[in-house]
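Thanks, everyone. I'll take a few minutes on one model, starting at the contact between its chains. Here it is.

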Amino acid sequence: MAESVVDASELSAAQKPQISNETAVEIIGMSKWYGDFNVLKDINLKVKRGERIVICGPSGSGKSTMIRCINRLEEHQKGQIIVEGTELTNDLKKIDEIRRDVGMCFQHFNLFPHLTILENCTLAPMWVRKMPKREAEELAMHFLKRVRIPEQAKKYPGQLSGGQQQRVAIARALCMQPKIMLFDEPTSALDPEMVKEVLDTMVGLANDGMTMLCVTHEMGFARQVANRVIFMDAGQIIEMNEPNAFFANPQHERTKLFLSQILH
Amino acid sequence: MSDVAIGHGQPFVRKEILQPEPPPASLVGFSGWARQNLFVGPANTLLSLFCLALATYVAWIMLDFLVLRAVWTGANREACIGPEVGACWPFITTRFGQMLYGFYPAEEHWRPATVFFVAVALIAPLLTPSAPYKKANALLFFVAFPIFAFVMLSGGFFGLRPVETRAWGGLLVTLVVATTGIVASLPLGVLLALGRRSKLPVVRFFAIAFIEFWRGVPLITVLFFATYMLPLFLPSGWSIDGLLRALVGVSLFSAAYMAEVVRGGLQAIPKGQYEGAMAMGLRYWPMMILIVLPQALKLVIPGIVNTFIGLFKDTTLVAIISIFDFLGIIRSAFADPNWATPGTVYTGFAFAGIVYFIFCYGMSRYSRFVEERLDVGHKH
């Protein structure tokens with residue numbers, strides 16, 4: 001256990017690309033309610049460009065809700081969220097602008113089952129970025145190659161395995177050439193045999209310097225690529241630290257309990 | 001080569017990976033199929049035999065009346081009188097023109113005939129997936145064709161003699177009402193369904209009020225109101241063509257039903273599809289048109305075609321406002337003393353039944369074809 005931590009840190013230190021000083025996402029005093037229920041409480045977080053954040057915590061802790069606020073799939077009621085210098089408000093233009101810069105992958109992939117893999121990837125570039133079809137297809141093939149799945153381009157999502165579908169979902173998000181990628185439990189719905197292929201793709205993305213916020217329980221992934229690990233519970237950030245310290249020496253009782261439950 | 005039976009406490013390692021074998025004979029061929037589907041156990045076998053007997057009996061009765069005992073030629077009722085006479089086909093053939101066009105002037109029959117053939121020439125490639133130029137084809141059918149049909153049928157332009165809609169009838173009216181209703185009700189229904197699920201309270205309220213109003217009244221009432229009461233509410237000197245009023249009534253009526261069918265489809269689309277689309281920056285209309293509606297409409301093709309078929313048959317209700325559609329013309333022909341025989345009514349209704357069945361079964365088969373074509377073997 002202790003050894004593997006050291007190994008991971010050496011590996012990641014060598015691989016981790018430079019983090020810039022510019023801010024990608026800034027969340028200031030953000031709170032959110034579902035009706036009477038206070039689902040997020042006073043969230044404060046600053047993410048620099050190129051930084052990779054892993055967010056973990058028990059179910060219902062608000063971790064998914066938090067990252068879904070960043071691209072306005074959920075609305076926050078208090079505080080500020082600033083993405084690439086634009087503050088999220090009800091202004092539809094600003095929401096569009098931010099969604100163009102922020103890619104997202106979901107637990108259940110959310111590919112469009114009536115479109116081929118290629119069409120899934122070209123849709124947003126063509127309709128949102130107004131890219132010509134041929135150019136969009138070249139771009140899509142480029143990213144499908146990058147997730148190592150170009151031979152499936154003409155198939156439909158239903159014909160692919162879960163792992164392949166999630167890699168397509170990553171490629172689809174990348175086709176919008178986002179500056180930030182959000183991952184909402186990308187491996188939780190996968191068969192055990194397929195987790196690795198998706199994680200490898202995400203590691204590749206991290207090594208290329210993408211700004212990433214990942215909600216995941218893959219602690220190996222957190223050790224390998226994360227700059228910071230955030231532990232959330234009951235709608236608030238309980239602890240945040242760089243991965244080695246986070247895993248080796250958790251401070252808060254709740255964090256210790258959680259880690260003891262998942263790292264058997 | 002099979003391994004030894006695996007017993008308790010014995011470790012087991014497979015030495016050879018098994019290859020698939022062909023299924024046993026009891027699973028393949030017609031006899032295999034029949035054994036598995038028709039003759040499974042005594043109750044199933046009995047039911048199969050009973051249904052087979054019933055089907056044979058009904059088929060025999062129809063064949064006997066429509067073909068074997070039928071009269072094929074004749075000039076008037078004399079030909080069809082007799083105790084053993086079945087269907088009286090000359091009654092149909094002598095009145096065939098009227099059944100197609102109603103009281104449309106005989107020397108102008110070429111006009112509806114032309115419209116009909118142009119319609120077929122445009123619809124057939126539109127419904128054939130492999131036919132090219134879909135966009136131009138759709139544009140021609142949905143935009144140019146209605147204008148062409150209106151000019152040809154009503155006349156009054158280009159030296160064509162005006163023919164009042166009161167003179168239209170027969171299959172012509174049935175097809176005009178049904179096609180207009182079908183083409184108008186689907187887009188209207190989609191808009192109403194989207195409206196009913198809108199986040200804007202005013203839009204939602206309007207959609208709900210519209211749908212519930214039109215679903216809450218019988219079509220006969222709608223047609224009756226449109227024909228006899230609407231003129232009372234219009235300023236004097238205003239008049240709207242009777243057939244047009246029926247067309248609008250039928251379209252709005254079926255749009256309300258269509259809206260509920262489409263809403264069923266929209267509700268079946270998982271939230272993740274909306275989120276996937278929104279996360280990529282698609283706004284409301286592109287999201288609906290590119291992602292949600294194609295999936296929702298595909299799911300409810302059976303319901304949509306069900307509504308179309310219902311609409312097609314409901315067109316017979318225009319009889320209530322003195323429009324002689326296909327069935328209306330046939331019924332009016334029963335009063336003709338030249339053809340008053342015991343078999344006339346049966347022949348007329350049998351013929352009407354056959355024609356309506358051909359159209360409705362055609363729609364039904366086409367919907368199956370589309371469903372199979374769009375099935376790309378997926379789950380969400």
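Start at the interface of chain A and chain B, where the rule finds two salt bridges. Keep in mind that this is a predicted model.

One of those bridges joins B:Glu275 and A:Arg68. Their closest N and O atoms are 2.6 Å apart.

Next, polar contacts. Six residue pairs make them across the interface of chain A and chain B, with both residues at pLDDT 80 or more.

Which elements of chain A give two or more residues to the side that touches chain B? They are helix H3, residues 92-101, strand E6, residues 102-105, and helix H4, residues 117-127. H3(A) gives the largest share, four residues.

Now the make-up of that side. On chain A, the residues touching chain B split into 15 nonpolar, four polar and five charged.

On to the totals. Chain A puts 24 residues into the contact, and chain B puts in 21 residues. How much area is buried between chain A and chain B? About 2,000 Å², with carbon and sulfur atoms giving 65% of it. Three residues deserve a look here: A:Arg99, A:Pro113 and A:His114. Together they supply 27% of what chain A buries against chain B, more than any other three residues.

Let me zoom in on one residue of chain A. A:Thr116 sits in the loop between E6 and H4 of chain A. Is A:Thr116 buried or exposed? It counts as buried, because its relative accessibility is 11% and the cut-off for buried is under 20%. What does A:Thr116 touch, leaving aside residues up to four places away in sequence? The list is A:Ala153, A:Lys154, A:Lys155 and A:Tyr156.

One thing to connect on screen: B:Glu275, the partner of A:Arg68 in the salt bridge.

To recap the contact: two salt bridges, six residue pairs in polar contact, and about 2,000 Å² buried between chain A and chain B. That's my part.

How values were computed
Residues numbered from 1 in each chain as written. Chains lettered and ligands numbered in written order. Predicted model: local features only at pLDDT ≥ 70, side-chain atom pairs only at ≥ 80, totals over all residues. Heavy atoms only, no water. Contact = heavy atoms within 4.5 Å. Buried area = accessible area lost by both parts, 1.4 Å probe. Salt bridge = Lys/Arg side-chain N within 4 Å of Asp/Glu carboxyl O. Polar contact = N/O pair within 3.5 Å; in protein donor to acceptor, adjacent residues only side chain to side chain. Nonpolar A, V, L, I, M, F, W, Y, C, P; charged D, E, K, R; others polar. Buried < 20%, exposed > 50% of the residue type's maximum accessible area, 1.4 Å probe, protein only.
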